[in-house]
Amino acid sequence: MEPDVWSCPFDFADAMEFDPQLKRILTEDPVARVRMSYGAGEAWLVTRYEDVRTVTTDRRFSRAAIVGRDYPRMTPEPIIQAEAIHVMDPPANTRLRSLVAKGFAPRQVDRMRVRVQHVVDDLLDRMEKQGPPADLFGHVASPLPLTTICEIIDIPEADRTRLRRNAAVMVSVGANGREAAAEAKAELRSYFDALTARRRVEPGDDLISTLCQARDGDEILSDEELSVMAMVLLVTGQDTTSYMLGNIFYTLLTRPEVAAALRERPEKIPEMLEELLRFIPFRKGVGIPRVALEDVTLSGVDIKAGDVVHVSYLTANRDERKFERPDELDLDRKAPPHMAFGWGSHHCLGFPLAAMELEVAIGTLLRRFPDLALAVPKEDVRWNTTSIWRHPLELPVRW
């Protein structure tokens with residue numbers, strides 16, 4: 001008997017409400033057959049925490065095997081670069097991660113914290129000078145991660161707007177965006193080919209220069225690996241953190257008890273942030289899939305060799321088998337690690353930087369604006385509906 005096939009456009013974007021279709025799949029069909037807006041054929045969607053952990057750590061599932069395939073996906077053009085760490089399997093993935101991780105070592109992140117604090121203070125100074133009502137997303141959540149990653153990898157200010165525009169085009173879900181997305185990806189690649197070549201010859205104290213010089217024994221990053229990694233850092237280092245920050249700000253503004261708890265116990269912000277990241281559905285649907293290299297059975301469902309397999313970190317974070325009262329935000333929760341930044345060999349390498357940015361921005365905002373409030377009813381906040389990310393378009397605030 002053939003399994004039912006779910007049609008999954010993944011376009012749900014209703015504030016912080018969890019996608020009801022994803023919840024149904026998790027509850028009714030945890031290893032589901034799905035059809036998506038773009039790409040050929042069907043895929044499996046794995047939703048339970050333990051099954052997601054299996055797919056993301058078991059060598060029988062390969063990211064590299066999707067390269068060149070028209071796999072089911074959310075965007076018209078595949079976002080991946082064939083040479084990127086996102087689509088490498090061990091041991092190639094392991095080698096690259098060990099080199100790149102040196103750029104995010106605790107000592108490096110502590111150095112970056114000083115700069116991030118300066119950027120946050122400057123952005124909040126500008127918002128305060130303008131006076132209320134002001135757009136918190138536009139003043140802080142949107143520019144902070146871009147400014148931070150551009151400063152950390154030392155991208156000239158004149159280039160930043162164009163690079164951000166190209167990054168945004170790549171993650172659009174519009175049906176007519178394939179050609180534009182391909183052009184944006186090519187332009188970004190060309191830019192970073194030239195930039196990283198210059199840093200090889202004239203290194204500075206930026207992150208790209210650090211990666212140029214990173215060694216693990218005799219291993220170094222090749223020119224191609226360095227260029228693609230720099231591009232990945234720009235795209236993932238600004239968009240993801242920006243949208244996470246916007247969603248956390250919205251949560252603080254609409255749940256005053258949460259803001260009060262963080263304000264009263266600022267030393268607990270890193271710990272409480274883990275629960276916010278578990279709870280908030282900051283993206284829609286799924287990301288980059290894997291291919292089963294041999295027949296595998298998950299939760300009683302037979303997956304055949306060659307099948308495309310997506311995982312949902314969103315549903316894994318709401319799995320009642322792993323989290324008691326998963327749909328409640330509990331800042332004192334003692335629970336297993338969340339999957340907001342992925343899992344296994346593709347867990348986000350930039351997580352230490354992203355977490356530090358979130359901690360600095362949240363702590364500073366709560367300290368400087370203790371009476372911050374939404375300037376409009378929460379029902380009037382508009383949400384993004386045109387890309388894979390879920391986030392408020394604006395957050396009008398007063399104080």
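User: What makes Ala158 and Thr161 of α7 count as exposed?

Analyst: The term is set by relative accessible area: exposed is over 50%, buried is under 20%, and partly exposed lies in between, with a 1.4 Å probe and protein chains only. Ala158 and Thr161 are exposed, and they sit on the other side of α7 from its buried residues, Asp159, Arg160, Leu163, Arg164, Asn166, Ala167 and Met170. The arc is taken over the directions from the helix axis to the C-beta atoms. This is a predicted model, in which local features need pLDDT of at least 70, side-chain atom pairs count only at pLDDT 80 or more, and totals for chains, interfaces and linings use all residues. Residues are numbered from 1 along each chain as its sequence is written, and side-chain values use heavy atoms, with hydrogens and water left out.

User: Which helices do the buried residues of α7 pack against?

Analyst: They pack against α6 (143-152), α8 (178-201) and α10.

User: What makes α10 a largely enclosed helix?

Analyst: The count of buried residues: 28 of its 32 residues are buried, so the rest of the structure largely encloses α10. From first C-alpha to last, α10 reaches 47 Å, close to the 46 Å expected.

User: Why is the crossing of α10 and α14 called right-handed?

Analyst: The handedness follows from how the near helix is turned from the far one: clockwise is right-handed, while anticlockwise by less than a right angle is left-handed. The crossing of α10 past α14 is right-handed. The axes of α10 (residues 223-254) and α14 (residues 351-368) come within 10 Å and cross at roughly 35°. Axes here are lines fitted to C-alpha atoms, for helices over the stretch in contact, and angles run from 0 to 180 degrees between N-to-C directions.

User: What residues make the contact of α10 with α14, and how do they divide?

Analyst: Contact means heavy atoms within 4.5 Å. From α10 come Gly237, Thr241, Met244, Leu245, Ile248, Phe249 and Leu252; from α14 come Ala354, Glu357, Leu358, Ala361, Ile362, Leu365 and Leu366. They divide into 11 nonpolar, 2 polar and 1 charged. Ala, Val, Leu, Ile, Met, Phe, Trp, Tyr, Cys and Pro count as nonpolar, Asp, Glu, Lys and Arg as charged, and the others, Gly among them, as polar.

User: How do you know that the buried residues of α11 line one face of the helix?

Analyst: Val258, Ala259, Ala261 and Leu262 are the residues in question. Down the axis of α11 they fall within an arc of 160°, so they line one face. That set packs against α10, α12 (269-279) and α14. On the other side of α11, Pro256, Glu257 and Glu264 are exposed.

User: Why is proline 256 called exposed?

Analyst: Its relative accessible area is 56%, so proline 256 is exposed. Its place is in helix α11 (residues 256-264).

User: Is arginine 73 buried or exposed, and what does it touch?

Analyst: At 3% relative accessibility, arginine 73 counts as buried. Arginine 73 lies in the loop between β4 (61-62) and α3 (92-100). Leaving out residues up to four places away in sequence, it touches Met36, Ser37, Tyr38, Gly39, Pro78 and Arg178. The C-alpha atoms of arginine 73 and glycine 287 are separated by 7.6 Å, although the two are 214 residues apart along the chain.

User: Where are cis peptide bonds found?

Analyst: Most peptide bonds are trans. A cis bond joins proline 90 and proline 91, with omega about 5°, and another joins proline 132 and proline 133, with omega about -5°. Proline 91 lies in the loop between β4 and α3, and proline 133 in the loop between α4 (106-130) and β5 (134-135).

Methods: Helix = DSSP H or I, 4+ residues; strand = E, 2+ residues; numbered from the N terminus. Expected span 1.5 Å × (residues − 1).
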